[in-house]
Amino acid sequence: MSFLNLGLSHSILQAITDLSYHTPTAIQKQAIPIILSGKDVVATAQTGTGKTAAFVLPILEKLHVTTKPRRAKRIGALILTPTRELATQIAHNIELYSQHTHLTSLPIYGGVDLAPQKKRLIEGVDILVATPGRLLDLVNQRAVHFDEVEILVLDEADRMLDMGSQDDLEKILARLPKYRQNLLFSATTTDSVRALAYEFSHETQSPDAIEVNTSPKQKTADNIKQWLITVDKDTKSALLSHLIQEHHWQRTLIFIEKKHAAAKLVEQLAKRGIIADAIHGDKSQAMREKILQRFKAGELQYLIATGVAARGLDIGELARVVNYDLPFKPEEYIHRIGRTGRAGATGEAISFVAKGDFKNLCAIESRLNKIIERRKIDGFEERKTVPLSILNYIPKAKRNTHGSA
Ligand code: AMP
């Protein structure tokens, strides 16, 4: 199937050609026609699957054909998203996809001066991309009105719920026009995500939402080489330095749980002659964006990120991610490693598993329905006794032999 069969106008197809997108991705093939038909959608799709275009392209199409002058402080489509980075990224994609139309867009998020965002909203904007907290600030200051909203998107809905945005979302939903189209995109469709989807479809009296699912399990199994090393917590930084230096790792995204640990790891690596930088909640938005741009441009080889700061980042082609700390939820693991192995390329995902992580590891492997390969690195064997560990939980037939890196 080509983009020509999806029902998009010439001006939008032109932008797709400019970007050298040849074929729609699975989520785009499924979601675009449904969205154009006006139905609500609940889609399970991860970052890296082309999900942004899956909702942005049909939104552009709909607003473009019914184009009308936007009144002051009004918006036509509202995209809610968990983080500043994701808001900026979606807005950037909208700009690319809408370059041959007259549609306007704007990202708004916290952590930066509110005044310019307020000023920009005065003229009205076709598509507003916002984090929930900042949007509510602007609503409370009467800087934005929702009476022209035709389409609502909740992007990465599971993360917005994880981050405690439920109350903010409900306050926003309560102010939106009753008749509108609802699109919900989420990396996982948990019960709370379904409840949210039900809530908004029910409230808007939309017919049942159509569920769209593009099998993320297969993606992790096929394209991404996953392996793990069991390691003592206090030798993790030495192990990482060793892997970077001895195995000549380049461009690597390293996930870490805590922001102070991220800053400390930058210092520990620097002592071993490795230049890394970190993005986490204590850094200003401008600083985070600058660091991300350097990483994307290849000027920075090692980016350390806390889970929250990294949510939804589009870093482009990435060969390797490291779970310096194993995430607590299997969904988070899948989401993280999904940043590699995009569009048919092979990626590698390495996890450092320390004492205390084995319960999480079990949950992850059971969700993947697969045992992650264990490797040993000379000089980095664990000193402490790790519970006879994961192997206790695994049927013999499924056990992997240890390889070496
Ligand atoms: P997303 O899942 O929205 O974060 O998109 C991941 C990446 O895929 C982005 O860099 C997009 O520019 C790119 N992309 C989206 N759709 C396509 C497509 N049909 N063909 C090639 N690249 C695409």
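**Strands, sheet and surface**

Modeller: Leu 152 stands opposite Asn 182 in β6. This is a predicted model, in which local features need pLDDT of at least 70 and side-chain atom pairs count only at pLDDT 80 or more, while totals for chains, interfaces and linings use all residues. Residues are numbered from 1 along each chain as its sequence is written, and side-chain values use heavy atoms, with hydrogens and water left out.

Biologist: How many bridges join strand β5 to strand β6?

Modeller: Strands here are DSSP runs of E with at least two residues, and helices are runs of H or I with at least four, both numbered from the N terminus. Two strands pair if DSSP finds at least two bridges between them. Strand β5 covers residues 151-154 and strand β6 covers residues 181-186, and they run parallel, with the number of bridges joining them being four.

Biologist: Which strands are the edge strands of the open sheet?

Modeller: Seven strands form this open sheet with parallel pairing, in the order β3-β4-β2-β5-β6-β1-β7. Each edge strand pairs on one side only, and the two are β3 (105-108) and β7 (210-213).

Biologist: What share of the residues in the protein chain is buried?

Modeller: Buried means under 20% relative accessible area, exposed means over 50%, and partly exposed lies in between, using a 1.4 Å probe and protein chains only. The protein chain has 405 residues, and the buried share is 55%.

Biologist: How many helices and strands does the protein chain have?

Modeller: The count covers the secondary structure of the protein chain. It comes to 16 helices and 15 strands.
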